[in-house]
Amino acid sequence: MQHTDVPVSEHPGAGLVRFLETMPAAFCFLDAEWRFGYVNAEAERLMGRSRAELVGASLWDTFPQVRGTVFESAYRSAAATGHSQTFESSLPGARAGWYEIRVWPGADGVAVYVVDVTDRRDADMSARLAGARAALLAQVSAELAGQLDTESALGRLAQLVVPVLTDGCIVTLVDRDGRARDVGSWHVDPARRSLIQRYTEVRLVTLPATSPVAQALHTGLPATEPVSAVLGLMPPGPARDLLEQLRPATAVVLPLTAEARTVGVLTLYQDPGRTVTEADMDAARRVAAEAARAIARVHLQSQQAKLAEALQRSLLTDPPALGGTAVVARYVPAAEAARVGGDWYDAFLQRDGSPTLVIGDVVGHDTAAAAAMGQLRGLLRGIAHFSGAGPAEVLRGLDEAIAQMHTETMATAAVARLEEEDGDGRTRLRWANAGHPPPIVLHPDGTVAILGGRYGDLMLGVDPAADRLESVVTLQPGTTVLLYTDGLVERHERTLDDGMARLVTQLRRLAGRPLDELCDALIEGMLQGTPEDDVALVAVRVGGRAD
């Protein structure tokens, strides 16, 4: 008789136990008294304890470091509410990493599942950082390319790179004469922003020649140094004290190179614990390259501004003596290189001896505008002198000349002629205005009159057949007449009406001053620094006395 072996049936729970023992996630069960009832092999490995040590032991006694953490609050919340809890955290006292923890409550306790999500989290973080770096580079490019005031944009560069690439930053420019100056700083810690700002005010003065910044400026090579080494090079004093208070661990200095020379440096300060990746350094180098190109534009704009200003000043000759009439002229170039060029003044005698004043502004800013200004100034002077015509006819003649010879040019201008009245010592002012800010009269008693409307007739270069109106006003001896360009009254933070009101107020305050002094004080009071646009003005005082 044959016997058949009957397989011994496996314990019903053996498959589940085998599954739990071989799963790549840590799993354990805690009873109602928070004692370990079961731990799998991965849990043993993760907690660094054997099963024999853990089973039956209290969670809180075995791992007291979890008390007061998210672990205790999640475990107790799950047990109290009957709702599962899920969170991510590092493990107190365990090896470095990031874990997802899930807690399921049951009638007899809670089950805990722990899986390592470090790689996923690192990938997510890398993607976020890559996105932040890409956004930063786009913003830096837009800021530096889109700003007329490129130097101010460079000053803000430090705010852009913090905190994406660094914890603190200082931007340094080198001018055409080789002088270095810090133009911007920022720190991720608001409490240290004033410190880094104060540091920029003193660091370049006392910087040792062997320091990373000085070396980068001299050699054009990048440098990375522990700040402790930099402090060892610095002499005692405010700069060293401030750097110690800033507490950076590392300084990364990137030269800004353009036109085969170092035009600045970008200094990045890293706090202790910050890891700088190669991707961070690559982004920082690209920021430095953008900044270098922007500085090169600043230098080019400065050169263009100096050329335009020199050309403009060469064309704006000192006003001649106008018989019994005192005359003063002033010209102030714009702060921004891109806005220099185009404004002009003139004063001359027509063939019959009548003093004539001109103020004008060619549309545009650069050497081309300055050159066009010189051509229009010469044309107007020739037309006025040869024809002996009044202001309206002179402007009409200039408009026809523009239409024939300078078809791409547009300009505004005002022309005023002083005419002696017979016998009574008074003077007539005959004037016409082609789209220019209105002339202003300051009477001897301190009252101020604005002549005509806001802008007068149509500007020059649009329609040579446009009507040109001419007006006449009688002036008492000692009256001052002022012609000026829009840069005197227009600023981005105030309206034209506000600017005109301010001009009237300033003139009233300056009434009675000598003409030279009045013009200088008027410019100082109206501009309060370097103007946003060119400013030209010409003033006369009838009656032969400048005071």
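## Close-up views of a pocket and a buried arginine

**View 1. The make-up of the pocket lining.** In this predicted model, the lining of the second largest pocket divides into 18 nonpolar residues, 2 polar residues and 1 charged residue. The lining is made up of 21 residues in total, and the space that lies in this second largest pocket comes to about 340 Å³.

**View 2. The centre of the pocket and the elements around it.** Among the lining residues of the second largest pocket, Met47, Phe63, Phe71, Tyr75 and Leu91 lie nearest its centre. At least two lining residues are supplied by each of β1 (26–31), α2 (41–47), α5 (70–81) and β5 (109–116), and it is β1 that gives the largest share, with 4 residues.

**View 3. The place of arginine 468.** Arginine 468 is found in the loop between β17 (448–450) and β18 (471–475). Its relative accessibility is 7%, and because buried means under 20%, arginine 468 counts as buried.

**View 4. The polar partners of arginine 468.** The side chain of arginine 468 makes a polar contact with the side chain of aspartate 399, at 2.8 Å. A polar atom of the arginine 468 side chain also lies 2.3 Å from the backbone oxygen of leucine 458.

**View 5. The surroundings of arginine 468.** When its neighbours within four places in sequence are left aside, arginine 468 is in contact with Ala392, Leu395, Arg396, Asp399 and Ala434, and also with Asp457, Leu458, Met459 and Leu460. Two of the residues in this list, Asp399 and Leu458, are those already met in the previous view, where aspartate 399 takes part through its side chain and leucine 458 through its backbone oxygen.

Definitions and conventions:
Residues numbered from 1 in each chain as written. Predicted model: local features only at pLDDT ≥ 70, side-chain atom pairs only at ≥ 80, totals over all residues. Heavy atoms only, no water. 1 Å grid on protein atoms, 1.4 Å probe; cavity = no way out; pocket = protein on both sides within 12 Å on 5 of 7 lines; lining within 4 Å. Points joined across faces, edges and corners; volume = space filled by probe spheres on them. Nonpolar A, V, L, I, M, F, W, Y, C, P; charged D, E, K, R; others polar. Buried < 20%, exposed > 50% of the residue type's maximum accessible area, 1.4 Å probe, protein only. Polar contact = N/O pair within 3.5 Å; in protein donor to acceptor, adjacent residues only side chain to side chain. Contact = heavy atoms within 4.5 Å.
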